[in-house]
Amino acid sequence: MIKEIALKDLVPSRFISEKVEEIRSLTGGGKAINALSGGIDSSVVTLLGHKAIGNQLTTVFIENGLMREGEPEQVSGLFKKFGIDVVVVDARKEFFDALKGKTDPEEKREAITQTFYKNVFGRIVRESGARFLLQGTILTDVDETVAGIKRQHNVFEQLGIDPQEAFGYRIIEPLIQLRKDGVREVGRALGMPPELFKRIPFPGPALAARVIGEATPGRIEMVRKATTIVERLLKDTGAFQYMAILHEDRVTGMRDGKREFGHQIEIRCWDSTDARTASPTQLPFELLRKIADDITLNVPGVVSVTYNIATKPPSTIEAV
Ligand code: XMP
């Protein structure tokens with residue numbers, strides 16, 4: 001049983017010094033490694049780990065080809081400011097090879113997970129000689145995995161996989177007693193810039209969760225372009241999460257006097273507190289129209305833009 005540290009009981013400075021001490025003593029001078037996604041959890045773990053053991057910790061960012069525009073550069077640039085050199089590994093080909101021909105949502109997720117752990121990160125870990133793996137698992141991940149809601153999280157132990165046997169390394173999870181709000185406080189105390197801990201949630205399978213059907217490099221690029229527009233235009237709405245989704249079906253459109261059998265983008269924008277339930281944000285119609293204009297003008301091949309008005313449940317936040 002993991003003992004929760006609730007926000008009201010959290011003293012960030014004390015938490016940080018305790019975890020730094022814990023990481024130092026667990027690694028005992030040995031090499032450690034962690035994967036940074038740019039999300040709040042893995043970012044806080046990266047800062048804690050480097051505070052604890054400095055260069056004995058290698059931090060890798062795996063470029064899977066599924067991230068948002070400029071994300072690898074932004075993430076490594078941010079950590080550079082903290083004096084941390086993030087190793088960016090280009091694994092785009094491996095991920096797209098694994099996704100080739102896959103249209104079923106669960107198969108796509110599984111392909112990404114397997115490619116990440118078994119192939120890419122597994123190989124990096126083996127080659128690094130590190131025995132310790134730092135992970136940003138939080139208590140909510142444990143709860144949701146145990147409840148069978150999430151299967152994407154990295155909680156090997158809770159899934160009954162012995163990490164020592166499966167991958168030959170030991171996992172250290174410094175954030176496991178915290179919820180998201182606690183992680184944010186720790187991030188703030190570590191000097192993380194507000195834009196990082198205020199970021200909207202972004203799923204592990206990244207843009208592949210926003211492409212219905214096969215996630216090819218070209219289709220990911222379309223949804224990436226639409227995502228940039230949606231995030232730019234909706235960033236000041238205060239909504240919980242917003243996204244663009246590329247549909248599989250095509251529709252007839254018309255451009256420059258010619259018929260165009262084009263693509264469809266769906267916009268979703270959610271009001272929610274914990275992502276368990278959510279309702280569509282009542283966006284001003286002019287804003288929706290602006291999104292549609294920007295997308296049809298700037299994302300080649302898109303002729304239709306729709307806004308989702310269903311709640312979760314029965315919808316989910318992501319489309320895949
Ligand atoms: P759903 O789509 O299940 O999403 O309503 C709930 C919240 O979780 C995020 N999400 C994921 N996060 N791996 C993740 O790390 C995933 O596979 C995944 N699927 C959904 C989603 O963005 C939303 O905030």
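Predicted model: local features only at pLDDT ≥ 70, side-chain atom pairs only at ≥ 80, totals over all residues.
**First stop: helix 1 and helix 2**

Select residues 12-27, which form helix 1, together with residues 40-53, which form helix 2. Two packed helices are described by the angle between their axes and the distance between the axes. Here the axes come within 8 Å and cross at roughly 65°, and the crossing of helix 1 past helix 2 is right-handed.

Next, display the side chains at the contact. Helix 1 contributes F15, I16, K19, V20, I23, R24 and T27, and these meet L48, G49, K51, A52 and I53 of helix 2.

**Second stop: helix 10**

Move to residues 217-234, the 18 residues of helix 10. From its first C-alpha to its last, helix 10 reaches 25 Å, close to the 26 Å expected at 1.5 Å a residue.

Colour the buried residues of helix 10: R219, I220, M222, V223, R224, A226, T227, I229, V230, L233 and L234. To see what covers these buried residues, show the elements that include helix 4 (92-99), strand 6 (241-246), strand 8 (258-271), helix 11 (285-298) and strand 10 (302-307).

E221 forms a salt bridge with R224, and their closest N and O atoms are 2.6 Å apart. These two residues are 3 apart in helix 10, so about one helical turn separates E221 from R224. R224 counts as buried at 14% relative accessibility, while E221 counts as partly exposed at 29%.

E221 has a salt bridge with K225 as well, with the closest N and O atoms 3.4 Å apart. K225 and E221 lie 4 residues apart in helix 10, about one turn of the helix. At 31% relative accessibility, K225 counts as partly exposed. Elsewhere, salt bridges that share partners join R68, E71, R199 and E231 into one network.

The structure holds 25 salt bridges, and one of them joins the side chains of E71 and R199, at 3.6 Å from N to O. E71 lies in helix 3 (residues 71-81) and R199 in the loop between helix 9 and helix 10, so the pair ties together parts that are 128 residues apart in sequence. E71 is buried, with 3% relative accessibility, whereas R199 is partly exposed, at 32%.

**Fifth stop: backbone features**

Most residues other than glycine have a negative phi, and most peptide bonds are trans. The remaining selections depart from this pattern.

Select A206, in the loop between helix 9 (194-197) and helix 10. The phi of A206 is positive, near 55°, in a residue other than glycine. A206 is buried, with a relative accessible area of 0%.

Then select A275, in the loop between strand 8 and strand 9 (279-280). A275 is not a glycine, yet its phi is positive, at about 70°. Its relative accessible area is 24%, and A275 is partly exposed.

Finish in the segment after strand 10, where P313 and P314 are found. A cis peptide bond joins K312 and P313, with omega about -15°. Another cis peptide bond joins P313 and P314, with omega about 5°.

Definitions and conventions. Residues numbered from 1 in each chain as written. Heavy atoms only, no water. Axes fitted to C-alpha atoms, helices over the stretch in contact; angles between N-to-C directions. Left-handed = near helix turned anticlockwise from the far one by under 90°. Contact = heavy atoms within 4.5 Å. Expected span 1.5 Å × (residues − 1). Buried < 20%, exposed > 50% of the residue type's maximum accessible area, 1.4 Å probe, protein only. Salt bridge = Lys/Arg side-chain N within 4 Å of Asp/Glu carboxyl O.
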